[in-house]
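Thank you for asking for a second look at this model. My comments follow as numbered points, to be read beside the sequence and the structure.

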Amino acid sequence: MEIPYVVQPRPDTGVYNAKVGIWLFLASEVMLFGALFSAYVLLRVGAEPGTWPHGWQNLTLGTINTVILATSAITTLLAWVACKTRQIGRFKFFHGATLLLALTFLGVKSEEYREHLNHYEIQLADGRIAEGDMRENDPKQDDVLIDGRYVMDEKELYDLRAQRETRPQAIKIPRAQIKEMENYGPWHNTYLALYFTLTGLHALHVLGGGLVIGFLWGPGRRLWETNPEQFTNRVEISGLFWHFVDLVWIFLFPVLYLM
Amino acid sequence: MNELHSVDFRSYGWRCLYVLVAVLGTTALMIWISFLPHYSWAAKAALILCVACVNAGLVAGFLMHLFSEKKMIYTLLAFVAVCCAGLMGLTIYAMHDMPPGTVFH
């Protein structure tokens, strides 16, 4: 059975079917991310003044990922143009570059997650709070060692950008003094729960897009030999999804890293 | 976009490079705004979101070809815009929709 309108535009819509399909899918994706963004707005606006974290993200890594995703949006477009102009060699180069950039994005994101999961807030019996990156946390030892600082009030922890000038120091804390200890995972507070949900869902989209791009770059490229027009349309569809992933990041970056 | 057969790859590549530079430029602008010392958080957030919208417009308009799409796609996006506006509107409405007797601390 032949599937109609995989290459030629449908007369009533003016576009081929897969394009209508991907736009409908992207519409549902807008609603999904829109719901999460509106949850963020609701919780951010409803937070007590001075209690919403600021500067908790690694701006350098966030900026690097922005550059990576913006560049990959261009390479995926050039891969499609290469197909349109019948230059399969260029397609392989640009689509391969997109795939590498997607993997790099995920690598940088993993490093950010590792940083968060290795960052601890430790409440001490004397009322002080120690905060910093964990260096040694062996249950057999009597002390834990962190690179960080002491604060007297939890509110001092909310604006980490203002604290960046103070150099972290190696602090040895006896376990007997520790009242509570927790890393900066999604369970730590509302902000981090939203951060991990939004960026985790986005990273899943990057992974999904990367798999499709990888398929078209590898085994899926066989279609080029038999039906180059249909293959070009598939590349365009994957590109539209990839640009949507970039669009979401364009809003995630300022909301989570800059505000 | 089927007329692309006649497009010179090199000239299209240059156009893409201009878009990339613009996207990176707007990103740098957002970062710069976030470090401005004498503005309130609300003012900075509004400015940053405006720049982000310009950035998104570049990606959607040029890279996703929305500047030259078919009417069908525009209709679909108009529905999405209405639904999103409703979603955000519900959020704003819910912020002031407290049960009777709610006590604020």
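1. Helix α2(A) is mostly covered, with 19 of its 26 residues buried (a residue is buried if 20 or more other C-beta atoms, placed from the backbone, lie within 10 Å of its own). This helix, residues 59–84 of chain A, reaches 38 Å from its first C-alpha to its last, close to the 38 Å expected at 1.5 Å a residue. Just after α2(A), Arg86(A) takes a positive phi of about 60 degrees.

2. The model is predicted, with local features needing pLDDT of at least 70 and side-chain atom pairs counting only at pLDDT 80 or more, while totals for chains, interfaces and linings use all residues. Residues are numbered from 1 along each chain as its sequence is written, and chains are lettered from A and ligands numbered from 1 in the order in which they are written.

3. The axes of α1 (residues 17–46) and α5 (residues 190–217) of chain A come within 11 Å and cross at roughly 165 degrees; α1(A) and α5(A) are therefore roughly antiparallel (angles over 145 degrees count as such). In this pair, Leu36(A), Tyr40(A) and Leu43(A) of α1(A) meet Thr190(A), Leu194(A), Thr197(A) and Leu198(A) of α5(A), where contact requires C-beta atoms, placed from the backbone, within 7 Å. By class, this contact has five nonpolar, two polar and no charged residues.

4. Between the chains, the contact takes 38 residues from chain B and 40 residues from chain A. On the side of chain B, α1 (9–34), α2 (41–63) and α3 (71–95) each supply at least two residues.

Notes
Axes fitted to C-alpha atoms, helices over the stretch in contact; angles between N-to-C directions. Helix = DSSP H or I, 4+ residues; strand = E, 2+ residues; numbered from the N terminus. Parallel < 35°, antiparallel > 145°, perpendicular 65-115°, else oblique. Contact = placed C-beta atoms within 7 Å. Nonpolar A, V, L, I, M, F, W, Y, C, P; charged D, E, K, R; others polar. Expected span 1.5 Å × (residues − 1). Buried ≥ 20, exposed ≤ 12 C-beta atoms within 10 Å, placed from the backbone.
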